[in-house]
Amino acid sequence: MHRFVLLACLLLPALLLPRAAAAETVLNVYNWSDYIDPAVIARFEAQTGIRIRYDVYDSLETLEGKLSAGRSGYDIVVPTSEPTFARLVRAGALQPLDRARIPNWRNLDPALMQRVAATDPGNRFGAIYLWGTVGLGVRLDRVRALWPEAPLTGGLDLLLKPENAARLASCGLAVIDSATDVLPSVLAWLGKDPNSADPADLRAAEQALLAIRPHLRAIPGSGAMLDMLASGEICAALTYSGDVIQAAARAREAGKGVELRYLVPPGGAHLWFDMLAVPADAPNPAAAFAFIDFLLQPEIMAAITSKVRYPNAVPASRPLVAEAVREDPNVYPPEAALAHAFVPGTPAQGAERLRSRLWNRFRTGR
Ligand code: N2P
């Protein structure tokens, strides 16, 4: 009898618990840091009963490392169209999206989707989530105080010319920690092809980066960069557009006199698109498709853009975006700026090795 009671005590919770756990569907999301409105996650969970496990990365290199190893356990990832998404498509690491389960696909801007079709013919593997440029974040109050005639045109001279970097070093300079997202801009600034695989061009880019290396305070990932910009710890940085605009808004709210501005390189900026994608071995693709469909609703996309200050690819969301964000030409670049922008391609494998070695030397300063 005793033994029976003991057994029942041991078994009962085991019998009850797994059933409760099995009823809960979990969606594993791996997204960039500072790249969603948390209220959107809560709304999806409340509406569907699916629980979201949300992890973040802050560079493409981290994302690609995790996915290339396989069995990441993620259902949703958000790689940049080129090169990361392109390489994942080619490697068979993603699965085709089931459009029948994503009726809100019709809300996507066909012209923007066409821009990412080169690497994903027919847009089978990805939908644009958010997009933006790479440019300068400048703390105007500090830079103007230190150097009243500083060239604030958006030209990368401000940061990449060693004499300018030396002049601004005391107020804090930073470059985002990503070979993929920095080298195209540096090559373009040198007058080279932003996609160049020519070892001589890459050496020139390395030299340019090493020349400013002693003047840099940090080479952070995008999350740390955003925090450093918002706190006023750095006064000029090369990084992602919306991160600067988001940091500027945070700084304004903090009311400590940090006046940040995003400046886009006028001669042609690096333009990128981040894609919603589903790994080939995703544990729960059905929930992933439901999440993509949820995100592509105009009011949900508007909430995300209003919060993180990157434009999306759902035109019907635009009137619903917070006015200050909607009217900001840095968030929605004017046609003319887009006409000059370039979308880098995917470097050949040999060039990729050179680029990552170069980047390690830059990072370590040796
Ligand atoms: C994350 C910004 C990532 C945009 N805060 C780069 N594609």
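Visitor: Between which domains does the ligand lie, and why?

Guide: This is a predicted model, in which local features need pLDDT of at least 70, side-chain atom pairs count only at pLDDT 80 or more, and totals for chains, interfaces and linings use all residues. Residues are numbered from 1 along each chain as its sequence is written, and side-chain values use heavy atoms, with hydrogens and water left out. Domain bounds come from an automatic or database domain assignment. Both domains give residues to the shell around the ligand, so the ligand lies between domain 1 (22-126 + 277-296) and domain 2 (132-271 + 344-364).

Visitor: Which side chains have an N or O atom at 2.8 Å or 2.7 Å from a nitrogen atom of the ligand?

Guide: A polar contact here is a pair of N or O atoms within 3.5 Å. A ligand nitrogen is 2.8 Å from a side-chain N or O atom of Asp-243, and a ligand nitrogen is 2.7 Å from one of Asp-274. The side chains are those of Asp-243 and Asp-274.

Visitor: Which residue has a backbone N or O atom 2.7 Å from a nitrogen atom of the ligand?

Guide: Among the residues that surround the ligand are Trp-32, Ser-33 and Asp-34. The backbone N or O atom 2.7 Å from a ligand nitrogen belongs to Ser-33.

Visitor: Which cysteines form a disulfide?

Guide: A disulfide is a pair of cysteine sulfur atoms within 2.5 Å, and the count comes to 1. The sulfur atoms are 1.8 Å apart in the pair Cys-171 and Cys-235.

Note on methods
Near = heavy atom within 4 Å. Polar contact = N/O pair within 3.5 Å; in protein donor to acceptor, adjacent residues only side chain to side chain.
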